[in-house]
Number of protein chains: 2
Amino acid sequence: MLDRLQPPIVLAPLAGGPSTPALVAAVCEAGAFGFLASGYLRPAALAEQLAELRSLTRRPFGVNLFIPAPRPADPATYAPYVEEIGRWAGARGLPVGEPWFDDDAYTEKLDLLIRDPAPVVSFTFGMPDAEAVGRLHDAGSEVWVTVTTPSEAAIAVAGGADALVLQGTEAGGHRGSFSDDDSRPGYSTLSLLQLLAGTPRPLVAAGGLMSGAGIAAALAAGARAAQLGTAFLLCPEAGTAAPHRAALRRGDVPTKVTRAFTGRAARGIVNEFMAEHDAAAVSAYPEIHHVTQPLRRQARADGDAAAINLWAGEAYALARELPAAELVRVLATELADAA
Amino acid sequence: MLDRLQPPIVLAPLAGGPSTPALVAAVCEAGAFGFLASGYLRPAALAEQLAELRSLTRRPFGVNLFIPAPRPADPATYAPYVEEIGRWAGARGLPVGEPWFDDDAYTEKLDLLIRDPAPVVSFTFGMPDAEAVGRLHDAGSEVWVTVTTPSEAAIAVAGGADALVLQGTEAGGHRGSFSDDDSRPGYSTLSLLQLLAGTPRPLVAAGGLMSGAGIAAALAAGARAAQLGTAFLLCPEAGTAAPHRAALRRGDVPTKVTRAFTGRAARGIVNEFMAEHDAAAVSAYPEIHHVTQPLRRQARADGDAAAINLWAGEAYALARELPAAELVRVLATELADAA
């Protein structure tokens, strides 16, 4: 896929709202490569989105899957945090959910992608097992794996990944690390590209890339393509919620990595919810995600940016409010000028 | 200076031991640009090193100065931490110092550099005042200022800096931020380069750059030159202590940003001292630096890597054990291949 990609630009999967078939199709029709995010979707909704995407473009696209956590978190570790969130939400009249564990219908979504294959299937939060990789290859799909450290990259190569998506610490949204573990170091996009220069698989750089100059930098450091997410959040085709868009447009509030919203490390624009709860937040995904989801849904509907996850990469102030196809063209022009 | 620099490689100031006149001279003689670190040196020692450097090279070089903290830290904030360090050091038979405040002889060093000017004087930890900038300009020196955020960059431009050294979060050693404040966001080198693309001053990229491919990336993203520090720590001309060299050579232990050693955020390889004390460490620089300095000096002499500050950037595993001039040549060749 990457050999033919011109411009070498990939739309990151933007689970949780921003990802839409219209956004992916617009990016693909403009000559770049788009990922549809399957995270948080029920299998039937994913099937619908795939059908809609195929009706909008005949160009190749990808689908991203979340690897489920290996086991539920110990309730004792997150009970006090769930109580804290419950109190805070209660005082605001916002609903909360139960801290349940699930696998985001991983098996069903994988089966769906075997029956109805996409040119590329990418994974976040871990390495698919050998059987899954084999079935996807047999179905004609390339397997891309998101990695955040050299040791995760080695596992992905050994496990048969066709390409690695190197996600630097600059990235918005969830860290794609194989485990949500503070003892694992973070590396910036440029650190990863240098450390993994000898990798026998094509590298896709992700994290903090917002302009053609940034893409040119990633290519100069050895990436075959650049994956951008935050850069597309203000496109009209994206499903980005109105209060999230407003926060992105302001551009002057810093981002931070927090577990406050979902129980897994993710980068977003600092707001009241993050400032209040970051210190007490624990690693328990998807349990905490399910606790805060009703709260965030309601806050989004209310236009209340103080209570929602404002995912954004470090350099989100450079996000441009352009139709996706035009953004791809602008980035390609900037890239040509920088290279 | 930057217009004539070929290859566009700058040796970072490496205060606290690694910086030597021999290292700076070797880098300059190889066609790159080297900074002598004045941090922690008494003015007489700086004068001696300047004389030695001038005896070794006639090529242009720079000197780096630390901007002093505006006021001492409140002793109440650091007293418990000083006690903790004292207990730990006592149990190991290591000496500690007093938590005193000083300005690292800033005024005397600045006066020395007015009498005996260097082609470039760079600053870390803040912006020199208008009088200092004016005196340096009158003496014929360029003024470069280390910045870590867009707002620091705006201050540096407004204050008359001739070039900005953009230091990303990947960098080893102290964060060069104007204040040691957790509420200030970090930005990677590539995030900074993109965010500051329109800056009306030449940009020098610093942080995590270890290979010609990394330098090429920085240039593609708009830097005029790349400043490397960790990459030179294993050069024989560097004053890097033996246990620090051994830790760099291992290459497999992650780095982390900590205030444990000096009371100011700095990135180093995780070791016992950092793991034990990071959680309790406070922001109080240079007070904590003075407390731990005798301890670290003794541990260095003992070859005890567990108790010393093993400053290193994120990608330090790529540091090469080559004479400095050869390293400059290798980097230049890699850069030409990547560009």
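Residues are numbered from 1 along each chain as its sequence is written, and chains are lettered from A in the order in which they are written. Because the model is predicted, local features need pLDDT of at least 70 and side-chain atom pairs count only at pLDDT 80 or more, whereas totals for chains, interfaces and linings use all residues.

Chain A is divided into two domains, with bounds that come from an automatic or database domain assignment. Domain 1 of chain A comprises 1-68 + 103-237 + 323-339, and domain 2 of chain A comprises 75-102 + 240-318. A distance of 24 Å separates the C-alpha centres of domain 1 of chain A and domain 2 of chain A. Contact between the domains, defined by C-beta atoms that are placed from the backbone and lie within 7 Å, involves 19 residues of domain 1 of chain A and 20 residues of domain 2 of chain A. The side of domain 1 of chain A that touches domain 2 of chain A consists of five nonpolar, nine polar and five charged residues. In this classification Ala, Val, Leu, Ile, Met, Phe, Trp, Tyr, Cys and Pro count as nonpolar, Asp, Glu, Lys and Arg as charged, and the others, Gly among them, as polar.

Secondary-structure elements are DSSP runs numbered from the N terminus, with helices (H or I) of at least four residues and strands (E) of at least two. Strands are taken to pair if DSSP finds at least two bridges between them. In chain A, eight strands close into a barrel with parallel pairing, in the order S1-S2-S3-S4-S5-S6-S8-S9. From one strand to the next, the twist averages 25°. Within chain A, strand S4 (residues 120-124) and strand S5 (residues 142-147) run parallel and are joined by four bridges. A:Val121 has A:Val143 in S5(A) as its bridge partner.

An open sheet is found in chain B, where three strands are arranged in the order S7-S11-S10 with antiparallel pairing. Strand S7 (173-174) and S10 of chain B are at the edges and have a single partner strand each, so one side of each is left without a neighbour in the sheet. Two bridges connect S7(B) with strand S11 (residues 266-269) of chain B in the antiparallel sense. Opposite B:Gly173 stands B:Arg267 in S11(B).

Helix packing was examined in both chains. Two packed helices are described by the angle between their axes and the distance between the axes. Axes are lines fitted to C-alpha atoms, for helices over the stretch in contact, and angles run from 0 to 180 degrees between N-to-C directions. In chain A, helix H2 (residues 43-56) packs against helix H4 (residues 106-115) at an angle of about 30°, and their axes are 9 Å apart. This makes H2(A) roughly parallel to H4(A), a term that covers angles under 35 degrees. The crossing of H2(A) and H4(A) is right-handed, that is, the near helix is turned clockwise from the far one by less than a right angle. A:Pro43, A:Leu46 and A:Ala47 of H2(A) make the contact with A:Glu108, A:Lys109 and A:Leu112 of H4(A). By class, this contact has four nonpolar, no polar and two charged residues.

In chain B, helix H2 (residues 43-56) and helix H4 (residues 106-115) pack at about 30° with their axes 9 Å apart, and H2(B) is therefore roughly parallel to H4(B). H2(B) and H4(B) form a right-handed crossing. B:Pro43, B:Leu46 and B:Ala47 in H2(B) meet B:Glu108, B:Lys109 and B:Leu112 in H4(B).

At the chain interface, 32 residues of chain B are in contact with 32 residues of chain A. Helix H7 (189-195), helix H8 (212-220) and strand S10 (255-258) of chain B each contribute at least two residues to the side of chain B that touches chain A. H8(B) gives the most to this side, with six residues. By class, the side of chain B that touches chain A has 18 nonpolar, eleven polar and three charged residues.

Local backbone features were also examined in chain B. Most residues other than glycine have a negative phi, and most peptide bonds are trans. A cis peptide bond joins B:Gln6 and B:Pro7, with omega of about 0°; B:Pro7 lies in the segment before strand S1 (9-11) of chain B. A cis peptide bond also joins B:Tyr285 and B:Pro286, with omega of about 10°. B:Pro286 is placed in the loop between helix H10 (272-277) and helix H11 (287-302) of chain B. B:Ala105, although not a glycine, has a positive phi of about 55°, and B:Ala105 is located in the loop between helix H3 (75-92) and H4 of chain B.

How values were computed
Contact = placed C-beta atoms within 7 Å. Parallel < 35°, antiparallel > 145°, perpendicular 65-115°, else oblique.
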